[in-house]
Amino acid sequence: MVQLTNVVKTFQRGAEVITVLDGLNVTIAEGSFEALMGPSGSGKSTLLNLVAGLDRATSGVVNVAGQDLTTMTDGDLAAFRARYIGFIFQSYNLMPVLTALENVELPLLLTKIPSADRKKRAATALRVVGLEDRANHYPRMLSGGQEQRVAIARAIVNDPKIIVADEPTGDLDRKSADQILALLEKLNKDFKKTIVMVTHDPEAASHARVTHHLNKGAFQ
Amino acid sequence: MNLVSLAVRNVGRNRFRTSLTVLGVAVAVVAFVLLRTVISSMEVAVTHAAHDRIGIRHKVSFIMQLPRRYVDTVRQTPGVHSATWANWFGGKDPRNPREFFPTMAVDPPSFLDVYDEIAVSPADRERWFADRQGALVGDQLARLLHLRVGDTVTLAGTIYPGNWVFHVSGIYTTTRRSMDRSEFLFHWDYLNNAIPERRRDQVGWIIARVDNPRQATGVSAGIDRAFDVQDIQTLSMSERSMNLSFMGMMSGVLAAINVISGIILLILLMLFGNTMSMGVRERTQEYGVLRALGFLPKHIAGFILGEAAALGLTAGVLGLALSYPFVQYGLGRWLEENMGSMVPYFRIEVATAALALGFSLLLGVAAAVIPALRASRLTVTDALRRID
């Protein structure tokens, strides 16, 4: 499902070249739930960005869902993300002017699905995360945990193969965090979604089947 | 929900800031509309000039007079339907010395024939024709000076000194905007017989109606040719050209108004630009999320430009909504009734409203072009600020 071969990622800051990922090799099987842990600056979010097609490797091969991302154009990468990837961010990143249902519907605006069907699919996704009764609520009317569940509904509404989650419980209290992690486990077990999650929280990582520890751009 | 409505929804994101921007732009639109209406009110005489009338004046200057007999020659010129004449009297009402209104000595029957847009009742017409001291007064002037039919009014002559007594024979209105409704018209004979003999039988200008408006230029040339061999030559031109030459005297004022209009548009641009730049900067992370979800740079640019267009349109509509009652029922009506001789028509033209709305929309979009380009050129990771 996800295969990174000899991946190097560097950033240029002024005259200085910073190597964030240094010849990384990793394979994540289809249907797996894997956590990426490591200190700040270890490269875990950079790795997540490469897997999600948000960024490009400086060298090496990034193959996700049978697609070689390193040879794709920006437009192809955008289409790839829309089709194969579901995103969950630490700070939920919902659109404040849209209701929960509309936020979930957002990725479907890029498809040719008719409006009525889009709404049905968004409602279904909200039901999966247990928020069908909050469909017409705006983000400001929801708790942090509920907002993150709406974000998860948005991540799955396109039925992506992979869900990438960047610190999905970072802004939540323990109880809400546990609910989110349980939901991710459900998506992994019941809906066979491959999940790649960046976290600082060992408790969160314990929900994953595999945990990778990154330090200075390499696995420990 | 669709991509367009998503852009429009963003207008209400920061309601306080949006309201202030919309209000600020709306006020600028009101100012713009007012200035353009001043210009269009000045142009109204040109715009609505009769196509079938030509004016004939002294070739040297408008203030020099022509012999009365020239009217007969004009009437005999091929293509001329009828002709009349007028003298600028320059009368003042001693009771209202600050009020300016046109006072003209005219030949009543031929004047009403040439200016057929003057609407006057048969009784008033008959009364005016019969009374050598009779005056026909425009309805706006009558309201301003509180004149009624049967009143006696004494005007002080400035060009023709002395106190001149008139009887208000009738009140006129007009069927077209080509005629001012604040004029004071009286018998030329009354003036001509009362002035010293050396000043008699002179007219200020001649106005002719032509049979075919398309031949007005040729008829004008024919009239001027007829007087080429005379001591006094004429300059004939269409009513529109004549009005334009009057407007030319105010070209400085018009230029100043145009400059101020341009400054207002610049203010509009800056107001929009400021609001859009702040909004886009605050939402950079959201654009990153949208890009992550698969939206393309063109979508991001479209959202921002769409939002700016909605903002511009809202402000433009509000500006017009404020302008209309203010001008149509307030300022415009007041100006027409109290300064009718200078501002006979002060209303918002459709073209002015369209221009204001168009500029509001266009400037809104133009101001958002740079923020939209910047936002759409950000990489996804930069927008998300997720370089770890």
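In this predicted model, Asp159(A) sits in the loop of chain A that runs between α5 (144–156) and β7 (162–166), where helices (H or I, at least four residues) and strands (E, at least two) are DSSP runs numbered from the N terminus. Although Asp159(A) is not a glycine, its phi is positive, at about 55°. Most residues other than glycine have a negative phi.

His146(B) likewise is not a glycine and has a positive phi of about 55°, and its place is the loop between α6 (139–145) and β8 (152–157) of chain B. With 67% relative accessibility, His146(B) counts as exposed; here buried means under 20% relative accessible area, exposed over 50%, and partly exposed in between, with a 1.4 Å probe and protein chains only.

| Residue | Phi | Loop |
|---|---|---|
| Asp159(A) | about 55° | between α5 (144–156) and β7 (162–166) of chain A |
| His146(B) | about 55° | between α6 (139–145) and β8 (152–157) of chain B |

As a whole, chain A has 7 helices and 10 strands. Its radius of gyration, taken over C-alpha atoms, is 17 Å, close to the 17 Å given for 220 residues by the globule rule (2.2 Å times the number of residues to the power 0.38), so chain A is as compact as a globular protein of that length. The C-alpha trace of chain A spans about 50 × 40 × 35 Å along its principal axes, and buried residues make up 57% of its 220 residues. Of the contacts in chain A with a separation of 6 or more (heavy atoms within 4.5 Å), 71% come from residues 24 or more positions apart.

Over all chains there are 18 aromatic pairs, counted where rings of Phe, Tyr and Trp (its six-membered ring) have centres within 6.5 Å, with planes under 30 degrees apart taken as stacked, over 60 as edge-to-face and the rest as tilted. The rings of Trp85(B) and Trp188(B) have centres 5.3 Å apart and planes at 90°, so this pair is edge-to-face. Because Trp85(B) lies in strand β3 (residues 80–88) and Trp188(B) in helix α7 (residues 188–194) of chain B, the pair ties together parts that are 103 residues apart in sequence. Trp85(B) is buried at 4% relative accessibility, and Trp188(B) is buried at 4% relative accessibility. Ring pairs also link a cluster in chain B whose members include Phe89(B), Tyr160(B), Trp164(B) and Tyr190(B).

Residues are numbered from 1 along each chain as its sequence is written, and chains are lettered from A and ligands numbered from 1 in the order in which they are written. Local features need pLDDT of at least 70 and side-chain atom pairs count only at pLDDT 80 or more, while totals for chains, interfaces and linings use all residues, and side-chain values use heavy atoms, with hydrogens and water left out.
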